[in-house]
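Here's a quick briefing to read alongside the structure. Have the model open and follow the points topic by topic.

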Amino acid sequence: MNPSPSPQSPDAWSAPRASAPLHSVLQLPGSKSLTNRELVLSALASGTSTLRRPLHSRDSVLMLEGLKALGARVEEQAGDGSFGPDLIVTPGTATGDVSIDVGLAGTAMRFLPFVAALSNATAHFDGDPHARMRPMQETIDSLRALGASVDDNGSGTLPFTVHGSGAIDGGELTIDASRSSQFVSALLLAAPRFTHGLTLVHRGDRLPSLPHIEMTLATLRARGVSATSLSESVWRVEPGEIAGASVEIEPDLSNAAPFLAAPLVAGGSVTIDGWPAETTQVGALLPELLTRLGADAHVADGRCTVSADAGFLQGHRFTGGALDLSHAGELSPTFAALGAVCETPLTITGIGHTRGHETDRLEAMQSNLARLGIECTTTHETVTVHPADAASIRPAEWEAYADHRIATSGAVLGLAFELAVDDIEATSKTIPEFAELWTSMAGTGVA
Ligand SMILES: O=C(O)C1=C[C@@H](OP(=O)(O)O)[C@@H](O)[C@H](O)C1
Ligand SMILES: C=C(OP(=O)(O)O)C(=O)O
């Protein structure tokens with residue numbers, strides 16, 4: 001990645017600056033992780049399901065188009081959500097050749113191949129150029145170990161073809177999920193449909209994103225499946241029907257991260273309305289994590305509010321140190337941005353696996369911060385961001401590298417610094433409304 005200043009692209013998005021403390025209350029669209037799990041479970045279920053207030057974004061569309069290609073029927077129905085219609089999903093089967101575009105969606109590229117193996121279709125999987133760099137070997141190996149036939153090019157990445165045979169025996173399987181929890185979730189979601197269910201063992205250096213595995217187990221149980229953790233790295237799913245269900249999708253709490261981070265930069269407060277009282281989403285850690293940096297955060301009556309009497313723009317600096325985000329790698333770009341407004345360096349640990357996310361997130365943050373004039377160093381597993389020094393900050397273009405979370409972390413710093421995000425459209429992956437919501441939030445902080 002090239003850290004040298006680049007001329008501003010004509011269609012770059014000038015991030016709105018704040019000149020006064022924020023006072024914003026907003027609602028967010030549905031959770032990507034919950035929507036895409038519920039879509040998969042609905043397609044594998046024994047009856048029709050309704051997803052209320054689902055996410056409508058590139059990742060959810062890729063998932064539902066993939067499931068349609070594999071035989072499911074998906075219809076829209078007017079609902080009461082502000083971000084698009086409800087979805088009615090009716091399971092079905094497919095035969096013949098189908099092409100499945102997974103875009104850059106980790107959930108689509110890891111979850112759909114097992115749905116394909118359970119179908120009678122021959123499914124050709126491919127995705128964006130960045131998707132071809134994401135680790136897929138574990139998916140390919142798991143399919144083969146379960147008896148499915150896969151044609152690949154030996155690179156351990158997309159593209160590949162899965163020859164569905166209509167059934168998977170299941171039983172026991174050991175995998176190494178140290179590069180992504182999605183390898184585990186994908187197998188657990190499909191496992192009730194395996195003839196003998198699945199006992200899945202993870203063996204590897206580490207297991208990132210544990211809350212996402214808990215989320216998978218919870219969504220299975222809510223549909224009547226026996227799905228348990230036998231230990232931190234062994235899971236059992238019994239064979240049986242996945243019930244059709246009517247499910248309300250929670251707002252995406254990971255996408256709350258840049259919004260709730262904003263008061264640390266601009267001061268004031270941001271409230272997310274519709275915050276669930278109980279959730280398996282990793283974004284539920286945000287109040288605690290932002291408090292740890294020195295902000296005030298509280299959750300009450302279905303709302304989460306983060307506030308700062310004074311933010312960076314009012315001359316305040318937050319608490320650096322070390323922050324372990326191994327469970328919450330998807331929050332790391334936001335916190336790396338916040339490192340710039342701390343008074344001592346902020347080191348984020350446990351995030352080596354995010355080098356295999358939409359882009360290498362450690363390198364992407366380092367390159368962008370360097371362009372802005374903020375020092376940042378990385379190791380294989382960590383990123384350390386040094387406090388911004390006003391004298392060395394310069395206007396810069398912030399590159400999204402096709403990554404929604406890199407784009408939104410640019411917006412966070414853009415509240416204070418002159419910065420343009422080259423591709424704000426990258427946010428359409430999980431929150432197509434980002435630019436509009438952000439502009440309206442930032443507008444409450446204009447003197
Ligand atoms: O299962 C899921 O919905 C996800 C799991 C996590 O993946 P990794 O374990 O690859 O980090 C997370 O980062 C990603 O945004 C969504
Ligand atoms: C890693 C992420 O996405 P994906 O589902 O594509 O893995 C993310 O949203 O931060």
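**Ligands, domains and helix packing**

Sorted by class, the shell around ligand 1 comes out as one nonpolar, eleven polar and one charged residues. Keep in mind that this is a predicted model.

**Around ligand 1**

- Of the 13 residues around ligand 1, the ones that come nearest are Ser33, Ser180, Ser181, Ser209 and His212.
- Two helices to look for here are H3 (106-118) and H5, each of which supplies at least two residues of the shell around ligand 1.

**Around ligand 2**

- Which residues surround ligand 2? They are Ala105, Gly106, Thr107, Glu330, His357, Glu358, Arg405 and Thr430.
- Split by class, the shell around ligand 2 has one nonpolar, four polar and three charged residues.

- In the contact between the domains, 19 residues of domain 1 touch 24 residues of domain 2.
- On the side of domain 1 that touches domain 2, you'll find four nonpolar, eleven polar and four charged residues.

**Helices H7 and H9**

- For any pair of packed helices, the description comes down to the angle between the axes and the distance between the axes.
- Helix H7 (residues 256-266) packs with helix H9 (residues 332-339) at an angle of about 15°, and their axes are 10 Å apart.
- Angles under 35 degrees count as roughly parallel, and H7 and H9 are therefore roughly parallel to each other.
- The crossing of these two, H7 and H9, is right-handed.
- From H7, the residues Ala257, Pro258, Ala261 and Leu264 meet Thr334, Ala337 and Leu338 from H9.
- That contact of H7 with H9 has six nonpolar residues, one polar residue and no charged ones.

**Helices H4 and H5**

- Helix H4 (residues 137-145) and helix H5 (residues 182-190) pack at about 35°, with 9 Å between their axes.
- H4 passes H5 in a crossing that is right-handed.
- On the H4 side, the contact is made by Glu138, Thr139 and Ser142, and on the H5 side by Phe183, Ala186 and Leu187.
- By class, the contact of H4 with H5 has three nonpolar, two polar and one charged residues.
- H5 is also one of the helices that supply at least two residues of the shell around ligand 1.

**Backbone spots to check**

- Is the peptide bond from Leu158 to Pro159 cis or trans? This bond is cis, with omega near -5°.
- To find Pro159, go to the loop between strand E8 (149-152) and strand E9 (160-163).
- Arg53 is not a glycine, yet Arg53 has a positive phi of about 55°.
- You'll find Arg53 in the loop between strand E3 (49-52) and helix H2 (58-69).

Note on methods. Residues are numbered from 1 along each chain as its sequence is written. Chains are lettered from A and ligands numbered from 1 in the order in which they are written. This is a predicted model: local features need pLDDT of at least 70, side-chain atom pairs count only at pLDDT 80 or more; totals for chains, interfaces and linings use all residues. Axes are lines fitted to C-alpha atoms, for helices over the stretch in contact, and angles run from 0 to 180 degrees between N-to-C directions. Helices (H or I, at least four residues) and strands (E, at least two) are DSSP runs, numbered from the N terminus. Angles under 35 degrees count as roughly parallel, over 145 as roughly antiparallel, 65 to 115 as roughly perpendicular and the rest as oblique. A crossing is left-handed if the near helix is turned anticlockwise from the far one by less than a right angle, and right-handed if clockwise. Two residues are in contact if their C-beta atoms, placed from the backbone, lie within 7 Å. Ala, Val, Leu, Ile, Met, Phe, Trp, Tyr, Cys and Pro count as nonpolar, Asp, Glu, Lys and Arg as charged, and the others, Gly among them, as polar. A residue is near a molecule or strand if its C-beta atom, placed from the backbone, lies within 6 Å of it.
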